Amino acid sequence: MIRASENGLTLFRFENLSACPGLNHAVFSRLGGSSSPPFTSLNLGTAEGDHPETVEQNRGAVAACFGHRPMAFVKQVHGDDVLVFKKGGQAFDPSPKPRADAMITDIPGLMLAVKLADCQGVLLHDPVKQVAAAVHSGWRGSVLDIIGKTIARMKTDFGCDPGDIMAGISPSLGSCCAEFVNYRTELPESFWPYRDSRDRFDFWQISRDQMTAAGLLDAHIEIADICTRCRTDLFFSYRGEGRTGRFAAVIGMV
């Protein structure tokens, strides 16, 4: 990933998505915001107990990095619902906040944002159809294959060819820290080959394999390879910190 500093914030961009004309995206670190401990400092989540006014201030700082374009946040529930915002169709309505864990759009100027603190933020872009998607995928989302279902909706709703889609997996819980001692009851047997001798699972590889199974080219997938629990200096981690904030992965066409 490419590290940068904008508007006083530290953010990261994928090399493959950065090469796509007309696309803007970023994964924001926890640095540069206004929140106090335990949400220090760029907390973008509203459900963790931070002051709402401070969260809005932080979101405004993020929006400034995209020219103050509107950002779509949803109520993430670790499910597999996918929202579609289409030209001439459904527009994003921020109130009441819809429940979903993935969003897709072909509307220029609408930035799709997913909140994270160990879960994967998967950003997808079809440069041919000019379609972008943001996916929140924790272990429950992986079990439900929300990534594959999002790609399927990109095909059916926008005519995307999976072979054209570029993908990036944000900093998230790495195989070094993704321990599941109750994996026999929590994870399907198809996930068990991704386990090591200490009951740690490689969810980055699981997501890569789900994407290639959905038709993406392996060469089009970029993984940040940064574990959030190991790097709480840069990112929020629920497993590493307990009560903490949320960072965001954001994508949209300009």
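**View 1. The hairpin of strand 8 and strand 9 in a predicted model.** With 4 residues between the strands, this hairpin has Q130 at a positive phi near 55 degrees. Strands are DSSP runs of E of at least two residues, numbered from the N terminus. Strand 8 and strand 9 (residues 131–137) run antiparallel and are joined by 7 bridges; two strands pair if DSSP finds at least two bridges between them. A133 of strand 9 is the bridge partner of L124. The model is predicted, with local features requiring pLDDT of at least 70 and side-chain atom pairs pLDDT 80 or more, while totals for chains, interfaces and linings use all residues. Residues are numbered from 1 along each chain as its sequence is written, and side-chain values use heavy atoms, without hydrogens and water.

**View 2. Strand 8 and its two faces.** In strand 8 (residues 120–126), 7 of the 7 residues are buried (under 20% relative accessible area, 1.4 Å probe, protein chains only). In a regular strand, side chains alternate between the two faces of the sheet. Q120, V122, L124 and D126 lie on one side and G121, L123 and H125 on the other, and both faces are covered.

**View 3. Strand 8 beside strand 10.** Strand 10 (residues 166–169) runs antiparallel to strand 8, with 4 bridges joining them. Here V122 stands opposite I169.

Methods
Buried < 20%, exposed > 50% of the residue type's maximum accessible area, 1.4 Å probe, protein only.
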